[in-house]
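Please have a look at it before I go on.

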Amino acid sequence: MQIEIDNGSGFCFGVTRAINKAEEELGKGQQLYCLGDIVHNGRECDRLSNLGLQTINHADYNHLSHAKVLLRAHGEPPATYEHARRNDIDIVDATCPVVLHLQERIKREYAADPDHQRQIVIFGKTGHAEVMGLVGQTEGTAIVIENEEDALRLLDFNRDIRLYSQTTKSLSGFRRIVSLIQERISPQASFISYDTICRQVANRMGAISDFAARHDVVVFVSGRKSSNGRVLYNECLRANERSYMVDSTADIDPSWFKDCQSVGICGATSTPKWLMEQCKEHIEKL
């Protein structure tokens, strides 16, 4: 049986940068906190925890002072930085440059409309860390939509709309939202859409589909919290119905490989290479 790990899978640039920053700071021997899971992969979070990284939530952060805190690639709203300034918190900012640029664009959009007549809309997952950071650039006024049903329910098509996207959403989903708004927007209102999806992430869609189709069985390695993981896994399923998502080697079922000549192992932008290697070794031993 042939087992191949997808070369295109694994950490994206933003996640790699955040983890490198964490390891660099931990190497100095000082206490380092991370606001939220540094990456949506429990196994990688465990590894960094063993190195000394302490994950905190926003409630913990709001009671923190005189400390060093790493902001992960997803980004944070302005209130997080304001709290740091007031409470002598040293910020290690690992916000992905792509996300940071998007935050700045949305902030400028909001400031350019002082009467706030336009609807600033973000196609993304409600409650996702990146999305919360984006909404924060508009003082909490941006409208978050996850699908066409949300668009129909939450948007006023008689008012101007400016549409942005969470960087890790699917390009096809974004285009469906654009088409829906174009069909319904009033002639008296304006609509501009900005494709702000990260191309490093978007380009994996077609590549991972081709990879999945080449193998009898696909093992997709991803943390359950990963939004990008769900999108890419569904792409694998469309290409190969014998695709299975696993969080670790404990989830791998030997029965999957009956009458199987080739196995493809791939993962999300939050999946470490070492975990995919672990899964390969585990399958080889079965």
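Predicted model: local features only at pLDDT ≥ 70, side-chain atom pairs only at ≥ 80, totals over all residues.

How do the residues of the lining of the largest pocket divide into nonpolar, polar and charged? They divide into three nonpolar, six polar and eight charged, where Ala, Val, Leu, Ile, Met, Phe, Trp, Tyr, Cys and Pro count as nonpolar, Asp, Glu, Lys and Arg as charged, and the others, Gly among them, as polar.

Residues are numbered from 1 along each chain as its sequence is written, and side-chain values use heavy atoms, with hydrogens and water left out.

The largest pocket holds about 380 Å³ of space. A pocket here is an open set of points on a 1 Å grid over the protein atoms alone, where a 1.4 Å probe fits, with protein on both sides within 12 Å along at least five of seven lines, and lining residues have an atom within 4 Å of a point; the volume is the space filled by probe spheres set on the points, which are joined across faces, edges and corners. Of its 17 lining residues, Lys-169, Ser-170, Arg-176, Val-231 and Asn-234 are the closest to the centre. Helix 10 provides the largest share of this lining, six residues, and helix 8 (171-184) also supplies at least two; helices are DSSP runs of H or I with at least four residues, strands are runs of E with at least two, and both are numbered from the N terminus.

The second largest pocket, at about 330 Å³, is lined by 23 residues, of which Cys-12, Val-15, His-74, Thr-168 and Thr-269 are the closest to its centre. Its lining divides into 10 nonpolar, 12 polar and one charged, and helix 1 (13-26) gives the most to it, with three residues.

Helix 10 (227-239) also packs with helix 9 (199-213): their axes, lines fitted to C-alpha atoms over the stretch in contact, come within 8 Å and cross at roughly 35°, on a scale from 0 to 180 degrees between N-to-C directions. The residues of this contact, defined by heavy atoms within 4.5 Å, divide into nine nonpolar, two polar and two charged.

Among the 18 salt bridges, each a side-chain nitrogen of Lys or Arg within 4 Å of a carboxyl oxygen of Asp or Glu, one joins Asp-37 to Lys-225, with the closest N and O atoms 2.9 Å apart. This pair links distant parts of the chain, 188 residues apart.

Finally, Asp-88, in the loop between helix 4 (78-86) and strand 5 (90-93), has a positive phi near 55°, and Asp-259, in the loop between strand 11 (243-246) and strand 12 (262-267), has a positive phi of about 55° although it is not a glycine.
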